[in-house]
Every structure is written in C-alpha cells, then in structure tokens.
Amino acid sequence: MTHKAETPLLSITGLNKWFGAYHALRDVDLQVAKGERIVVCGPSGSGKSTLIRCINRIERFEEGRIVLDGLGSAARGRAGQREIEEIRRQVGMVFQHFNLFPHMTVLQNCILAPMRSLRETRATAEAHARELLARVRIADQADKYPGQLSGGQQQRVAIARALCMRPRLMLFDEPTSALDPEMVQEVLDTMVALAEDGMTMICVTHEMGFARQVADRVVFMDRGQILEVAPPADFFDSPRHERSREFLGRIL
Ligand code: ADP
Ligand code: MG
C-alpha cells in the first residue's frame, strides 16, 4: 500500500522531550497517512509510551510539532486547551491496563464520553455502543461490570469504548502485554479487524505475528530515537541496524 500522494493524517517533526535532565525523545520524525498501520517496537525504556502519550497530549514536549490533520500546529505542543480537547476526541487510546470504570457497566463505560463530550443523546450513544460491542464480539456482556469479565474481554471493551468516540486515529500501547497468554489472540483479532476496516493505527506491541500481518511500516525505537522504519518483512528478515538485530534476537 502506498500513501505517498496524501497529506499525512499525523505529522511529527523534530520532536524532543525531556523528563528533567533526561532526554526521553530525540529528534523524532514520523508521518502517518490516513489508513496506515504503524507498529512501534523497541526495548523497554526506549520512549515508545512517551511518544504515544505526546501524540495524545497526555505529555507535554519541549521541541517540535505534532500535527493531527491541521490540529496542534503550534511548536512545542503549545496547543490551546480547546485544541487539545479536540485532538483527544479524535485520537482513541488503548493502554496495557484497561482503565475501565469499575463501578459502571460495560455499556455505561462506552456511552459516558460520547454523551459528555460529543453531546450525543443516550439513545444514539447506546445504539452506537451496542454496534461496537457487537463488532468486538462482546454484545452479550453489555450489562456486566468490568470485574465480571476476563482480561481479554475487558480489553475488547476498552477498544469498543475508544471507538465510540469515532476517532480518526487509534493508539495502542502494549494492549496485550498484561493479558494471560490465552487471551492475547482475541484482542489481536479485534485489532486486525479494525485494521481491515481501514482505521489509522499506531500500535506499540511486540506481537510480531500481528506486525507482519497488518503493519504497513514497523518503527524501531531505541534510547529515545527512531533508529529504523521499514516494512515488516524487511525489518524482521533483514534489520539494518545492529540494535534492531539485537532486539529481534532477544524477542523472537
Ligand atoms: P517504553 O514505553 O519504551 O518502555 P517510556 O516511554 O515509558 O519507555 O519511557 C522512556 C524513558 O523515560 C524511560 O527511561 C523512563 O524511565 C522515562 N520516563 C517515562 N516517564 C517518565 C516520567 N513521568 N518522569 C521521568 N521519567 C520518565
Ligand atoms: Mg511503554
């Protein structure tokens, strides 16, 4: 798939971030086209989560630009509060830990943000939520509480909940790494289905089968830098950077 002709949906240029004296992201550049699927991998501590969190403006950054379809074009992440809220509305995020509200049912978890921030009516939000719960194959659990579900089911709810906001970009930060092994595949299957539907996705994951199956490009990060960007077949079969090879040697 080529996306060269299009203006990118997401454009990251010259991104630098520090935590105090620690230089966590170094000159990160990444353009993501609409419909593109990116897998980000790299050793623990290499800055993957920090990058994802900067895209969603959960973290501030000191240098560079992250522009989502024209939003957030001011340098250094100095977007206004309204612009940040708009970016967050358009960017869905799924974390390692599901972060569902435990005192709300699955359906209530799904309709809260659409009612509050998209001002959808309860009827509209519920109809949409039920449709998405069906899509992640969990329609029959709508009235349960998160604690009554398995980890894999909770993560699928978290994906449906993010989709309820009708995001233009989905970010996944190691969505399967806290799951029992037998539940990993059901969550990956959900992500594959989402990719097949054309969702633009950036997924931090070490699930290399998933990367090979759906990624247009694999981004390898090490010590705050992007060291290599390549189609999955090239990255896995002939990584160019020595540290990519080391990393793959450890995880494959
Ligand atoms: P990864 O997701 O690739 O494992 P992170 O983005 O979580 O890496 O972290 C990158 C580096 O930044 C790590 O060295 C981590 O300790 C550091 N870091 C992350 N968050 C903070 C924070 N809030 N304060 C200070 N250092 C942080
Ligand atoms: Mg991380």
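Is Arg119 buried or exposed in this model? Arg119 is exposed, because its relative accessible area is 71%, where buried means under 20% relative accessible area, exposed over 50%, and partly exposed in between, with a 1.4 Å probe and protein chains only.

## Basis of the model

This is a predicted model, in which local features need pLDDT of at least 70 and side-chain atom pairs count only at pLDDT 80 or more, while totals for chains, interfaces and linings use all residues. Residues are numbered from 1 along each chain as its sequence is written, chains are lettered from A and ligands numbered from 1 in the order in which they are written, and side-chain values use heavy atoms, with hydrogens and water left out.

## The surroundings of ligand 1

Ligand 1 is surrounded by Phe19, Tyr22, Pro43, Ser44, Gly45, Ser46, Gly47, Lys48, Ser49 and Thr50, a residue being near a molecule if one of its heavy atoms lies within 4 Å of it. This shell divides into 3 nonpolar residues, 6 polar and 1 charged, on a scheme in which Ala, Val, Leu, Ile, Met, Phe, Trp, Tyr, Cys and Pro count as nonpolar, Asp, Glu, Lys and Arg as charged, and the others, Gly among them, as polar. Helix H1 (residues 48-55) gives the most to the shell, with 3 residues; helices (H or I, at least four residues) and strands (E, at least two) are DSSP runs, numbered from the N terminus.

Oxygen atoms of ligand 1 take part in several polar pairings, with a polar contact defined as a pair of N or O atoms within 3.5 Å, where within protein one must be able to donate a hydrogen and the other to accept it, and residues adjacent in sequence count only if both atoms are side-chain atoms. A polar backbone atom of Gly45 is 2.7 Å from an oxygen atom of the ligand, a polar backbone atom of Ser46 is 3.1 Å from an oxygen atom of the ligand, and a polar side-chain atom of Ser49 lies 2.8 Å from an oxygen atom of the ligand. Taken alone, ligand 1 exposes 560 Å², and the protein buries 59% of that, with accessible areas from the Shrake-Rupley method with a 1.4 Å probe and, for residues, only the protein chains shown counting as cover.

## Pro43 and helix H1

Pro43, a member of the ligand shell, is placed in the loop between S3 and H1, and counts as buried because its relative accessible area is 14%. Leaving aside residues up to four places away in sequence, Pro43 touches Lys48, Phe220, Met221, Asp222 and Phe247, contact meaning heavy atoms within 4.5 Å. Pro43 and Arg243 are 200 residues apart in sequence, and their C-alpha atoms are 9.5 Å apart in space.

Helix H1 itself is mostly covered, with 6 of its 8 residues buried, namely Lys48, Thr50, Leu51, Ile52, Cys54 and Ile55. Just after H1, Arg57 takes a positive phi of about 60 degrees. Glu59, in the loop between H1 and strand S4 (63-68), counts as buried because its relative accessibility is 17%, and its side chain is joined to that of Arg53 by a polar contact of 3.2 Å.

Helix H6 (residues 181-196) has 16 residues and reaches 24 Å from its first C-alpha to its last, close to the 22 Å expected at 1.5 Å a residue, the expected span being 1.5 Å times one less than the number of residues. Its buried residues are Met183, Val184, Val187, Leu188, Thr190, Met191, Val192, Leu194 and Ala195, and their cover includes strand S3 (37-41), helix H4 (122-135) and helix H5 (151-163).

Arg37, found in strand S3, counts as buried because its relative accessibility is 14%, and its side chain reaches the backbone oxygen of Ala195 at 2.9 Å. Glu36, in the loop between strand S2 (22-32) and S3, is likewise buried at 5% relative accessibility; a polar contact of 2.7 Å joins its side chain to that of Arg217, and a polar atom of the Glu36 side chain lies 3.0 Å from the backbone nitrogen of Ala33.

## Positive phi angles

Most residues other than glycine have a negative phi. Arg119, in the loop between helix H3 (106-117) and H4, has a positive phi of about 55 degrees although it is not a glycine. Glu174, in the loop between S6 and H6, has a positive phi of about 45 degrees and is not a glycine; it counts as partly exposed because its relative accessibility is 21%.
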